[in-house]
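User: Could you take a close look at the nonpolar core of this model and explain it to me step by step?

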Amino acid sequence: MKLLLNWILSACALLLVASVYSGLQVHSFGSALWAVVVISLLNLLVRPILVVLTLPVTLLTVGLFLFIINGLMFWAAANLLSGLSVSGFWAAVWAAFLYSLVGMVIDSALGRLFP
């Protein structure tokens, strides 16, 4: 139940970010649901490899390079899906940052709801 609720709320968070930030466009709620799946899979499979490969740069920038990696995951998802579009790489970085902030609020709320 928690996983399904997290998926639906994450799609709502993506729609919220798209409505607040003009650099991100989501065409429908169904597109948002698929985008959450693709972003989650990219974060699960590709992101750890990129984090290990860019570890020296990440250490040199005191972790700030992780924002770039998050933006790359968002940008890759937008390139893989037709229902999600990002106006550019830096727009993807900002959209990923905003989506992460809303995602932290959702995770905190779900953690309290399902201890």
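Analyst: A nonpolar core is a set of buried Ala, Val, Leu, Ile, Met, Phe, Trp, Tyr and Cys residues that are joined through side-chain atoms within 4.5 Å. Please keep in mind that the model is predicted. Its largest nonpolar core has 27 residues, and those with the most contacts inside this core are Leu14, Leu24, Val26, Phe74, Leu84, Val86 and Tyr99. In soluble globular proteins, nonpolar side chains tend to be buried together.

If neighbours within four places in sequence are left aside, Leu14 is in contact with Leu24, Val26, Ala32, Ala35, Val36, Phe74, Leu84 and Tyr99.

For contrast, consider a nonpolar group on the surface. Leu4, Trp7, Ile8 and Phe29 form a nonpolar patch there, with about 340 Å² of accessible area together, and the largest share of this patch, three residues, comes from α1. Ile8 has its place in helix α1, and because its relative accessibility is 33%, Ile8 counts as partly exposed, a class that lies between the limits of 20% for buried and 50% for exposed.

Not counting residues up to four places away in sequence, Thr58 touches Gly63, Phe65 and Leu66.

Technical notes
Residues numbered from 1 in each chain as written. Predicted model: local features only at pLDDT ≥ 70, side-chain atom pairs only at ≥ 80, totals over all residues. Heavy atoms only, no water. Buried < 20%, exposed > 50% of the residue type's maximum accessible area, 1.4 Å probe, protein only. Contact = heavy atoms within 4.5 Å. Patch = residues over 30% accessible without salt bridge, like charges linked within 9 Å, V, L, I, M, F, W, Y side chains within 5 Å. Areas by Shrake-Rupley, 256 points an atom, 1.4 Å probe, with all protein chains shown as cover. Salt bridge = Lys/Arg side-chain N within 4 Å of Asp/Glu carboxyl O. Helix = DSSP H or I, 4+ residues; strand = E, 2+ residues; numbered from the N terminus.
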